[in-house]
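Work through the exercises below with the structure in view. Each task is followed by a solution in steps.

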Protein chains: 2
Amino acid sequence: MRIVITGGCGFLGRRLALLLLDRGTAQGAVDELVLFDNAPSALPLPDDRRVRVVSGDIADRDTVRALIVPGTDAVFHLAAIVSGQAEADTDLGYRVNLDGTRAVLDACRTIGSAPKVIFASSLAVYGGALPPMVGDDTALTPQSSYGTQKAIGELLVNDYSRKGFIDGRALRLPTVVVRPGLPNRAASTFASSMIREPLTGKEAVCPVAPDTVMALASPRGVVASLAHALDIDGAALGDSRVLQLPGYSVSVGEMAEALKRAGGAAAYARLSWQHDPTIQAIVGSWPPALVAPRAEALGFKPDSGIDEAIGFFIEDDLALQKTLAG
Amino acid sequence: MRIVITGGCGFLGRRLALLLLDRGTAQGAVDELVLFDNAPSALPLPDDRRVRVVSGDIADRDTVRALIVPGTDAVFHLAAIVSGQAEADTDLGYRVNLDGTRAVLDACRTIGSAPKVIFASSLAVYGGALPPMVGDDTALTPQSSYGTQKAIGELLVNDYSRKGFIDGRALRLPTVVVRPGLPNRAASTFASSMIREPLTGKEAVCPVAPDTVMALASPRGVVASLAHALDIDGAALGDSRVLQLPGYSVSVGEMAEALKRAGGAAAYARLSWQHDPTIQAIVGSWPPALVAPRAEALGFKPDSGIDEAIGFFIEDDLALQKTLAG
C-alpha cells in the first residue's frame, strides 16, 4: 500500500501515520507513507524507512500531481485552513480548503485507479436553525466559510465517487478534544486549551459561557475512525459517501469540572473566563448533539465522555506536551 | 438600475429581460440591462436602447470582471451547462457551473457594493433516498454532477451573503415546462419536447415511463419568481439564502393526456415512447413532490398545473416556435 496523508504533520495526521505504520490496513501492510504538509513538522515524526515527508502548497496542482502518483492506494485529505482563519482570510480559506481539495480529487482522478480518499469534514457544515437531532439527514446551512468549504468538499467527494474517479468517504468529525500542541486559529481551539494548558502548568482562558454544549470526540477516537474509514467497503455507504461520526455532548462547565477531577484545584485555578462574542457565535452555531446511526452501524465507535478523553490526553500526549510547554 | 443577466440569451434570460424592461423593479426603473452569453442569441432580442449584449466565457475571470463593473445593482446568474452535458463532460461542467459561478461571485465581491445576486439552482440538488416531503430542509445528496455544482453554488451564495460580499438569493427551480426552442442536453429536455414538438407538427419521443412523476413550473411562473426574488428584502430570508420554489406534480402519462386535450388526437399521435434507462435514472432521482412554505410565505406563486402551463406556451411561444420549426 502507498498512502498519502495531506496535513500529515498535523496532530491528527501524525498520529494516524503512527497507527497505520504499526497496524497496517485491512487491504495490507503499508509500503510507503507520504506525509504532506505546508511546513516541516513541529512534532517528532516516526523514524521509519517507509515514511517520506513532503512540504508544499496543497492548492498548487503540479505539486499535488507529483504527490499523488500512479500506485497511490489511499489519500487521507486532512490539510485545511482552520475555521477562525478561514473566516478572517476569505481568499486563503477558499484557496486551501476548496481549490486544494479539488487539486487532490483531480490528481486522484488523473491516476485512473480510483484510489480511496478519506476526507476530513466537520460539524461546522451545520448551522442556522438546527433540528434537535443533527446528523446525516440534516440540511446544511453552515454559518462560516470553513463550514461552507467542508460542505463543498463533501459534495465533491460524493460526485467523484459516484463517477468512479475515486472511492471516497467524507467523515464529519466532531470537535476534537483534547488536541495536543499549541493553540491555533480554530474557533474551537479553547476547548482543548482549557484542559491542556492547565494540566501543563499554564494559564488558559475560556471565551464561551459554561452552559455552551459541544459535541466532542478524542484524538484517539478520531484517528481510529479515520483508519476504519479506509478499511470499510465503499459500497456499504450507499448513495452518500458522507458519514456523521458519533460524538458525545458535554457543557463547557462540565469540562471545567472534569479538569478539576483530573488536575486538582491547582489546575482548575489556572482556567479563567473571558467572554468573546465572536467565538461564542461561531461555536453556538454548531450542533450540541449528534446522531450517527449509519456510522455506528458501519462500526465507528463513540468515546465515552470527557473524563475518558482527558485520560487519553494524559496517556498519549502529556509527556510530549510538557516538552513543548518547555 | 444596472442589471446583468448571465445566460441572458437563453429562453429564461431573454424572457426575464423582457419582463424587467417592461415592468422595472421594486428598486426602480432599469437603466442598463446587459445580456451575457457564450454565443449570440438564436431568438430575437428586445429592440431597446437600454439593452447591451455581450458574448464570452463565464469562467474567464477577466471577462466577468469587465461585465460586473462598479454601478452594477443586480446580477441574475442563469448561465450553466445543462445536466446531461455536465454529466458527460465532467471538466466542462465544473468549469462553467463551478468556476463560472465563483467568477461571478468574486466579481460582485470586488466591486464592493454588495449587489443583489439571484442564482438559478435546481431540484437536481436533491437525490438518493428522499423523504416524502422535499424542500428547504432536505439534506442534499445530488446524483449528478449538475446537481452537485448547483448545490455548491447555493453554499457559495450563502457564504458570500453572510459575509456581506453580495445580497444573494438562490432559487431551486422545478423542471421548467413547456420550454420553447430546440431540444438540448438537459436530462429533462423530453418533458418540454413531448408537448412542444407535437404542437408544432413534429414528432417527439418520451424516454421515461408514463408513471414517472415530475415537479414542474412554467417559464412564465419561473420568470415571475426570478423577478420577485430581486424585489424581496434579503434579510427576510434569514439564515439561508436558498429557497425551494413551489412546483406542481404531474405524471408523464398525465402530461401526454394534457397534450391530447390541447392539441387533439393528431398532436397526440406524434408522441412515441422509447425507454432510455440513463434518462430514467437521472429523472427518477429527482423529487416528484415539493414543499415550499418559505417561498410561498415570501410571495412566490405556484402554477396551477399542466393544462395552464400548456396554455402559457400557446400564448407566449407558439407563434415564435413555429418560425423555428419552419
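Two strands pair if DSSP finds at least two bridges between them. Strands (E, at least two residues) and helices (H or I, at least four) are DSSP runs, numbered from the N terminus. This is a predicted model, in which local features need pLDDT of at least 70, side-chain atom pairs count only at pLDDT 80 or more, and totals for chains, interfaces and linings use all residues. Residues are numbered from 1 along each chain as its sequence is written, and chains are lettered from A and ligands numbered from 1 in the order in which they are written.

**Exercise 1.** Find the order of the open sheet of three strands in chain B.

Solution. The order is β7-β9-β11 (chain B), and the pairing is mixed. Within β11(B), B:V250 is the bridge partner of B:M214.

**Exercise 2.** Decide whether B:P246 is buried or exposed.

Solution. First locate B:P246, in the loop between β10 (242-244) and β11 of chain B. A residue is buried if 20 or more other C-beta atoms, placed from the backbone, lie within 10 Å of its own, exposed if 12 or fewer, and partly exposed in between. B:P246 has 21 C-beta neighbours inside 10 Å and therefore counts as buried.

**Exercise 3.** State how many residues of chain A are in contact with chain B.

Solution. Contact requires C-beta atoms, placed from the backbone, within 7 Å. By that test, 20 residues of chain A are in contact with 20 residues of chain B. Helix α5 (residues 145-162) of chain A gives the most to the chain A side, with eight residues.

Technical notes: Two residues are in contact if their C-beta atoms, placed from the backbone, lie within 7 Å.
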